[in-house]
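Q: I would like to learn how to read a pocket and a metal site in a model. Could you walk me through them?

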Amino acid sequence: MAVTRKDVEHIAQLAKLSLEENEVESLTDQMNDILGYVEKLNELDTENIEPLSHPVEGNNVFREDVPIKSIASSEALKNAPSASEEFFLVPKVINN
Amino acid sequence: MNSKYEVVIGLEVHAQLLTETKAFCGCSTKFGNPPNSNVCPVCLGQPGVLPVLNKKVIEYTMLMGFATNCKIKERSVFARKNYFYPDMPKGYQITQYEEPICEHGYIDIEFKDGSKKRLGITRIHIEEDAGKSIHDQAYETLVDVNRCGVPLMEIVSEPDMRSPEEAVLYLTKIKQFVQYLGICDGNMEEGSLRCDANISIRLKGETKLGTKTEIKNMNSFKNVEKALQYEIERQIDLIEDGVKIVQETLLWDADLNMSAPMRSKEEAHDYRYFPEPDLMPVIVSESWKAEAKKKMPELPDLRRERFITEFSLPKYDADILTQSKPVADYFEEVIKYTKEYKTASNWVMGDVLKTLNELKIDITEFSISAENLGKLINLIGNGTISGKIAKEVFPDMLEGNKDPEIVIKEKNLVQISDTSAIEKIIDEILKANEKEVNEYLEGKEKVFGFFVGKTMRETKGKANPKIVNDILRSKLDGLK
Ligand SMILES: [Zn+2]
């Protein structure tokens with residue numbers, strides 16, 4: 001199940017990354033290395049072992065439905081690359 | 001619709017849950033706050049934060065599971081659905097994928113002729129809402145994250161519906177349930193209840209499903225019906241022309257009354273779901289289920305049956321009264337004050353609902369209290385006023401919930417039940433209308449109504465109609 005250039009390009013597109021030609025190449029190699037390493041796990045017999053969806057044990061961690069004070073919108077917008085007084089600004093998504 | 005074909009419809013309904021706080025953080029869900037003010041590091045998707053699940057979200061979804069005869073799963077887990085869109089700062093939506101909380105349910109819909117059909121529910125799962133993008137600016141898109149993380153319950157049906165009518169009945173039922181359960185306000189126009197449809201066409205008798213399209217953005221019951229009808233016709237036209245249906249997502253445009261493919265650069269869905277490592281699995285024990293079940297209110301079908309048996313109402317009345325929970329509640333409040341159940345039903349179904357419609361308000365905003373409407377009904381019942389006069393009193397009561405007794409006194413509308421007074425008026429009418437009297441004596445029964453009308457006019461509608469009838473009959477027949 002080797003990772004191909006096409007896989008890398010597809011994943012890059014989903015992640016909204018633009019890659020240089022040489023990056024595609026090196027990432028293909030790197031991903032194959034990683035998967036090959038993880039592939040080692042397949043050598044284990046997991047026949048009677050429940051799949052694990054969480055790395056730590058435990059369940060039912062809840063909060064009660066009680067509001068807490070939110071942060072000020074000025075605080076929320078502070079780290080944004082672009083913002084107006086009230087809104088986050090992003091490049092136009094849909095053309096009307 | 002061309003009778004060669006059969007339509008197959010499945011619905012995905014998103015219901016915004018009426019919790020105080022968001023699904024995974026303590027931010028308020030309050031609508032209408034200034035943009036980006038109901039936010040915190042968790043729902044802003046800042047690195048290093050941890051979501052914690054709101055317990056009420058599970059409890060509300062369980063209630064819907066009970067109402068729709070679902071199996072509540074002992075264990076459910078959350079997953080990340082990965083995609084990029086500016087109104088979702090984390091770059092993924094927390095949802096339930098392989099292990100939803102409810103599965104394998106059904107609801108029964110009822111057609112106008114009383115026949116029923118059972119529609120399957122595949123699953124109900126929990127997810128979070130996205131924020132809001134505003135596209136009307138020239139160069140940029142504005143993003144408001146307030147709605148980000150608000151809990152949604154997604155109800156996925158089996159592809160069991162065979163007409164737009166069935167889809168609307170199904171949706172009506174879902175809305176009724178969430179409102180009765182008090183877990184969503186069910187407002188499609190405002191987006192707290194949203195509906196997407198999967199729709200395909202096949203030849204009758206065919207068991208394989210045709211290629212389906214998905215329709216989004218139908219924000220009212222009327223639009224759901226119209227959009228489905230439109231899509232059925234579009235697909236049949238294509239099939240008839242030998243064109244293959246393309247699996248795609250269409251957006252309904254309510255202004256143009258047509259749908260168009262969604263303009264999106266997203267190619268084939270590739271959401272790369274994986275278990276959300278930051279949220280622990282949810283385990284619903286039998287005892288938790290039992291406790292939640294205790295909070296189940298009476299559902300519409302049972303309430304309707306009770307209205308029929310307990311108050312001897314016709315099925316038609318019970319149907320209308322229990323359609324919406326607040327209306328049913330109002331009716332039950334009214335009959336705390338009067339035992340005239342059928343009259344109360346007539347008033348609520350008639351004048352009350354008509355007024356709500358005219359004023360475009362909800363029954364919870366209705367000015368006349370249940371107590372005063374009950375009083376009005378009793379005033380008819382005990383003969384103080386006639387039903388006709390009551391119709392005059394009602395509009396006056398609308399002004400600030402006026403007491404009907406006061407309206408009647410102020411306008412001097414008390415019914416004349418004094419027989420001697422009515423007799424006197426009738427004597428004069430008979431004297432003045434000799435021609436009609438003779439017609440009656442010759443057997444023209446229709447003239448009787450003429451005398452009743454005259455008497456009522458003479459008394460400005462205040463004479464007790466039953467007494468008028470009795471006196472007229474005995475006087476006229478006495479002349480024979
Ligand atoms: Zn928050």
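Q: How do the residues of the lining of the second largest pocket divide into nonpolar, polar and charged?

A: Happy to start there. They divide into 15 nonpolar, ten polar and 20 charged. Here Ala, Val, Leu, Ile, Met, Phe, Trp, Tyr, Cys and Pro count as nonpolar, Asp, Glu, Lys and Arg as charged, and the others, Gly among them, as polar. Keep in mind that this is a predicted model, where local features need pLDDT of at least 70, side-chain atom pairs count only at pLDDT 80 or more, and totals for chains, interfaces and linings use all residues. Residues are numbered from 1 along each chain as written, chains are lettered from A and ligands numbered from 1 in written order, and side-chain values use heavy atoms, without hydrogens and water.

Q: What is the volume of the second largest pocket, and which residues are the closest to its centre?

A: Rolling a probe the size of a water molecule over the atoms shows where empty space is left. A pocket is an open set of points, on a 1 Å grid over the protein atoms alone, where a 1.4 Å probe fits, with protein on both sides within 12 Å along at least five of seven lines; lining residues have an atom within 4 Å of a point. The volume, the space filled by probe spheres set on points joined across faces, edges and corners, is about 2,000 Å³ for this pocket. Of its 45 lining residues, B:Thr172, B:Lys175, B:Gln176, B:Gln323 and B:Ser324 are the closest to the centre.

Q: Which helix gives the most to that lining, and why does the second largest pocket lie between two domains?

A: Helices (H or I, at least four residues) are DSSP runs, numbered from the N terminus. H2(B) gives the most, with eight residues. The pocket lies between domain 1 (5–292) and domain 2 (300–410) of chain B because both give residues to the lining; such bounds come from an automatic or database domain assignment.

Q: Which residues coordinate the zinc ion?

A: Look for donors, meaning N, O and S atoms within 2.8 Å of the metal (3.2 Å for Na, K and Ca); water is not among the atoms, so sites may look incomplete. The SG atoms of B:Cys25, B:Cys27, B:Cys40 and B:Cys43 coordinate the zinc ion at 2.3 to 2.4 Å.

Q: Is B:Cys43 buried or exposed?

A: Buried means under 20% relative accessible area, exposed over 50%, and partly exposed in between (1.4 Å probe, protein chains only). B:Cys43 is buried at 6%, and B:Cys40 is buried at 7%.

Key: Helices (H or I, at least four residues) and strands (E, at least two) are DSSP runs, numbered from the N terminus.
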